[in-house]
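Subject: Structure for you to look at

Hello,

I am handing over the structure we talked about. Please open it beside this email and follow along.

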Amino acid sequence: MRRKLVAGNWKMNGNLAANSALLNELVAAVGHGAPCDIAVCVPAPYLAQCQQQLVNSAVAWGGQDLSSHGAGAYTGEVSATMLADFGSQYAVVGHSERRAMHGESNVLVAQKTVCALRAGLIPIICVGETLAEREAGQTTDVVGDQLKAVLDLLEPADLTRIVVAYEPVWAIGTGKTATPAMAQEVHATLRALLAAHDPVAAAGTRIVYGGSMKPDNARELMAMPDIDGGLIGGAALKSVDFLAIIAASSAASNAASSAQ
Ligand code: PGA
């Protein structure tokens, strides 16, 4: 069974004082042995704070983007090795906000994925369709093209080190969530694409759901066979909500293992 991942995407939120309180609350509640993998993906200036507060805890941390270049004259960019320098284990790549607001193409997202892997980071690769694309029946094509661009640059062995996040754009920050069945359908499609690349490795690739995941819908979503956790935006900013989603994830895992 794949171990679930609950990752927070703080987006451009936070300040030293608020982060400190949130991280302390997470560490106090989670302790050292967590029922799933847990991470917070934070604005780059706060990586050092995460390293300080989360070291030796069960909560990992990471960035929300990275450059497709190694080093050099790229003002404003942050490289994969810089993220790793601060102990990051994860990096979100290709979030829909970056695709939409910063014009990130499927190929650029694929290049960033490779940079993350080479630096030893676990890329959380976001894919997802807009409402117009869903209504036009293009969901499979859109997420398929987004994932295929990445797979074209990967070795089969990389599949066990990546995380794919299905984040329907229309569900992000809107309070509208894909139903568990809707999400499962897309996750199964993504799993099939991964399996076409390498059937054995694909069985171990984690595919998480993101888009208005909250304490009250997390368990149902994570109970689906191909939903291996969540990428959480708004609800990751409140420890009580984030912790409730972590608890929902372990409840979903326990239910699945007792059904086996
Ligand atoms: P949300 O964001 O949970 O606030 O919808 C998810 C995301 O954008 O990763």
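This is a predicted model: local features need pLDDT of at least 70, side-chain atom pairs count only at pLDDT 80 or more; totals for chains, interfaces and linings use all residues.

The fold

Eight strands form a closed barrel, in the order S1-S2-S3-S4-S5-S6-S7-S8, and their pairing is parallel. From one strand to the next, the twist averages 25°. As background, the strands of a sheet pair through backbone hydrogen bonds, and the pairing can be parallel or antiparallel.

Strand S5 covers residues 122-127 and strand S6 covers residues 163-166; four bridges join them in the parallel sense. Within this pair, Cys 126 stands opposite Ala 165 in S6.

Helices across the strands

Helix H7, made of residues 139-151, lies across S5 and S6 and runs at about 155° to S5. Helix H11 (residues 239-259) lies across three strands, namely S1 (5-9), S2 (37-41) and S8 (229-232). The angle between H11 and S1 is about 160°.

The ligand

Which residues come nearest to the ligand? There are 13 residues around the ligand, and the nearest are Lys 11, His 95, Glu 167, Gly 173 and Ser 212. By type, the shell holds four nonpolar, seven polar and two charged residues.

- Asn 9: a polar side-chain atom lies 3.3 Å from an oxygen atom of the ligand.
- His 95: an N or O atom of the side chain is 2.7 Å from a ligand oxygen atom.
- Gly 234: a polar backbone atom is 2.8 Å from an oxygen atom of the ligand.

How much of the ligand does the protein bury? Taken alone, the ligand exposes 280 Å², and the protein buries 97% of that.

Two loop residues

Lys 11 sits in the loop between S1 and helix H1 (16-30). Its phi is near 55°, a positive value in a residue other than glycine. Ser 212 is in the loop between strand S7 (206-210) and helix H10 (215-222). The phi of Ser 212 is also positive, near 55°, and this residue is likewise not a glycine.

Regards

Technical notes
Residues are numbered from 1 along each chain as its sequence is written. Side-chain values use heavy atoms; hydrogens and water are left out. Two strands pair if DSSP finds at least two bridges between them. Axes are lines fitted to C-alpha atoms, for helices over the stretch in contact, and angles run from 0 to 180 degrees between N-to-C directions. Contact means heavy atoms within 4.5 Å. A residue is near a molecule or strand if one of its heavy atoms lies within 4 Å of it. A polar contact is a pair of N or O atoms within 3.5 Å; within protein, one must be able to donate a hydrogen and the other to accept it, and residues adjacent in sequence count only if both atoms are side-chain atoms. Accessible areas come from the Shrake-Rupley method with a 1.4 Å probe; for residues, only the protein chains shown count as cover. Ala, Val, Leu, Ile, Met, Phe, Trp, Tyr, Cys and Pro count as nonpolar, Asp, Glu, Lys and Arg as charged, and the others, Gly among them, as polar.
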